[in-house]
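Take a look at the model first, then read on.

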Amino acid sequence: MDCLFCKIISGKIPSNKVYEDDKILAFHDISPMAPVHVVIIPKEHICCADKLNEENSQVVAHIFSKIPEIAKLLNLENGYRIVNNCKEDGGQTVLHLHFHLLGGKKLNTQLA
């Protein structure tokens, strides 16, 4: 598999880790769009939100249960944004399910 995020999970590509457990990994985005920009990924390869199903969707619940802990580690007590892009037209550039955690300033409320 030639998935960038799978290579990060396996350690073949280094990352600046923020949080890791047996199910997920969170690391700083290499092209941040906010003062704090972290990518949160499941360790299981799921290409996008369209591929979530009854068998694998529990990882999304796990991610969202850990987001407050990750946000606290990053001092995002004033709030943050969580973004998921799905497929090409949705802006997904790495075909591995992931969520962007953005914060560190008052974010624009305008949607694209």
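Predicted model: local features only at pLDDT ≥ 70, side-chain atom pairs only at ≥ 80, totals over all residues.

Residues are numbered from 1 along each chain as its sequence is written, and side-chain values use heavy atoms, with hydrogens and water left out.

**Salt bridges**

- Searching the whole structure turns up five salt bridges (a side-chain nitrogen of Lys or Arg within 4 Å of a carboxyl oxygen of Asp or Glu).
- E20 pairs up with K17 in one of these salt bridges, at 3.0 Å from N to O.
- D2 and K7 make another salt bridge, and their closest N and O atoms sit 2.7 Å apart.
- On the accessibility side, D2 counts as exposed at 67%, whereas K7 counts as partly exposed at 27%.
- K66 and E69 form a salt bridge as well, with 3.5 Å between the closest N and O atoms.
- These two are three residues apart in helix α2 (residues 58-73), so about one helical turn separates E69 from K66; helices are DSSP runs of H or I with at least four residues, strands are runs of E with at least two, and both are numbered from the N terminus.
- E69 itself is partly exposed, its relative accessible area being 37%.
- Shared partners link K17, E20 and K43 into one salt-bridge network.

**The sheet**

- Five strands make an open sheet in the order β1-β2-β3-β5-β4, and the pairing is antiparallel (two strands pair if DSSP finds at least two bridges between them).
- At the edges you'll find β1 (17-20) and β4 (80-83), each of which pairs on one side only.
- From one strand to the next, the twist averages 20 degrees (axes are lines fitted to C-alpha atoms, for helices over the stretch in contact, and angles run from 0 to 180 degrees between N-to-C directions).
- β1 and β2 run antiparallel and are joined by three bridges.
- That pair forms a hairpin, with three residues between the strands.
- K17 turns up again here, standing opposite F27 in β2.
- β3 (residues 36-42) and β5 (residues 99-103) also run antiparallel, with five bridges between them.
- V39 has H100 as its bridge partner in β5.

- D29 belongs to the loop between β2 (24-28) and β3.
- What D29's side chain does reach is the backbone nitrogen of S31, at 2.7 Å.
- Not counting residues up to four places away in sequence, D29 touches H37, V38, V39 and H100 (contact means heavy atoms within 4.5 Å).
- H37 lies in strand β3 and is buried, with a relative accessible area of 4%.
- The side chains of H37 and H100 make a polar contact at 2.7 Å (a pair of N or O atoms within 3.5 Å; within protein, one must be able to donate a hydrogen and the other to accept it, and residues adjacent in sequence count only if both atoms are side-chain atoms).
- Setting aside neighbours within four places in sequence, H37's contacts include F27, H28, P32 and L101.

- I63 sits in helix α2 and is buried, at 0% relative accessible area.
- I63 has contacts with I24, I40, I41, P42 and F99, leaving aside neighbours within four places in sequence.
- Take I63 and I40: they are 23 residues apart in sequence, and their C-alpha atoms are 7.4 Å apart in space.
- K12, in the loop between α1 (4-10) and β1, is exposed, with a relative accessible area of 69%.
- K12 and T93 are 81 residues apart along the chain, and 19 Å separates their C-alpha atoms.

Terms used: Buried < 20%, exposed > 50% of the residue type's maximum accessible area, 1.4 Å probe, protein only.
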